[in-house]
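Welcome! Take a moment to look over the sequence and the 3D view, and then let's walk through a few features together.

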Amino acid sequence: MNHPFEKIFSYQLASRLEETGVYTLTSQERSWLKSMLEHPAAAEALEERTIAKLRECTLDDEMPNLLDGLEEKAGNLEAQTVHPLLAPIRRILRNRQGMKLQCMTKKGKLNPPQPGLPCKLEYSMVKREWYLLWYNSASRSPMNTRLCHIVSVEEARMSRGRYDDMSARAARLLEAPRHEATVEVIKMFNGELTRILHAFSCFDKRVEFDESDQTYRIHLSFTGSESQYVLTKLRFLGKRVRVIEGDYLKWRMRETARKALALYGIEKESPNNGKPSGHEPVSAAGGPLSV
């Protein structure tokens, strides 16, 4: 197999390929994929046909093993990233059916089985744990449960009409208020667009290119609980980008700059100067996020 492009840096070309369903892989990415498929956890996380299909991407290449010569020292204890309940929950999600879920409390007390509808599986990179977002049809409330607290899960058959009604109700309850912001790439850093887009890869986004001004603008959409993570990415990118829409993010970035200057004895403005009113994203607990 010939690979005419080792890496595509043109956003226009990459976006056109994405629209046609073509996904490009570099030799390093294929080598990483091959190493991950050889990991013992791959057999637990993926079905056999999925592993076989992914291995087809690496059959025609003679790639160096990126793990040769690498030795991890003083690493944290590796947590179990593949939970045994992932497979049955994913199967229920694919079959578009309900479930019966039995959980236990933090103290180990078993709760009676609850009927519900699975909505989404999420993995927390911070806590390194899996969470199940589901709709409790008995209490008619959205739930967020750690998989380590789930004792058993069984599929509960239901009609397609009832499933559609329940899933629509669950989506309305689970949908968090979203915030919008626009980030502009400083023109001299257009060559680093791939790195910048990678930093925002976990957010819903839309990229706009102004040909007359040769400027890229990234329109972000995120929940209030994700605002702190957006700020982390903005601080990481530094002078490569600037926020042009989104008063709250602008104020937080000014606060970051003010505190950095204060470390060196330079005070530019008071803490509350320019703070937008009524634009504070709230956390999942309902309170405002801290500066």
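**A buried arginine and its partners**

R217 is buried, with a relative accessible area of 18%. Keep in mind that this is a predicted model.

**Salt bridges around R217**
- Side chains of opposite charge can pair when their charged atoms come close.
- R217 and E184 meet through their side chains in a salt bridge, at 3.2 Å from N to O.
- Because R217 sits in strand β8 (residues 215-223) and E184 in strand β6 (residues 178-185), the pair ties together parts that are 33 residues apart in sequence.
- E184 is buried too, at a relative accessible area of 10%.
- R217 also forms a salt bridge with D210, where the closest N and O atoms are 3.9 Å apart; D210 is partly exposed, at 24%.
- A network of salt bridges links E184, D210, R217 and R242.

**Another salt bridge**
- The structure holds 14 salt bridges, and one of them joins R94 and E47, with the closest N and O atoms 3.3 Å apart.
- R94 is exposed, with a relative accessible area of 51%, while E47 is partly exposed at 34%.

**Strand β3**
- Eight of the eight residues of β3 (residues 129-136) are buried, so the strand is largely enclosed by the rest of the structure.
- Both faces are covered, with Y131 and L133 among the buried residues on one side and W130 and W134 among those on the other.
- Four residues lie between β3 and β4 in their hairpin, and R140 in the turn has a positive phi of about 55°.

Key
Residues are numbered from 1 along each chain as its sequence is written. This is a predicted model: local features need pLDDT of at least 70, side-chain atom pairs count only at pLDDT 80 or more; totals for chains, interfaces and linings use all residues. Side-chain values use heavy atoms; hydrogens and water are left out. Buried means under 20% relative accessible area, exposed over 50%, partly exposed in between (1.4 Å probe, protein chains only). Helices (H or I, at least four residues) and strands (E, at least two) are DSSP runs, numbered from the N terminus. Two strands pair if DSSP finds at least two bridges between them. A salt bridge is a side-chain nitrogen of Lys or Arg within 4 Å of a carboxyl oxygen of Asp or Glu.
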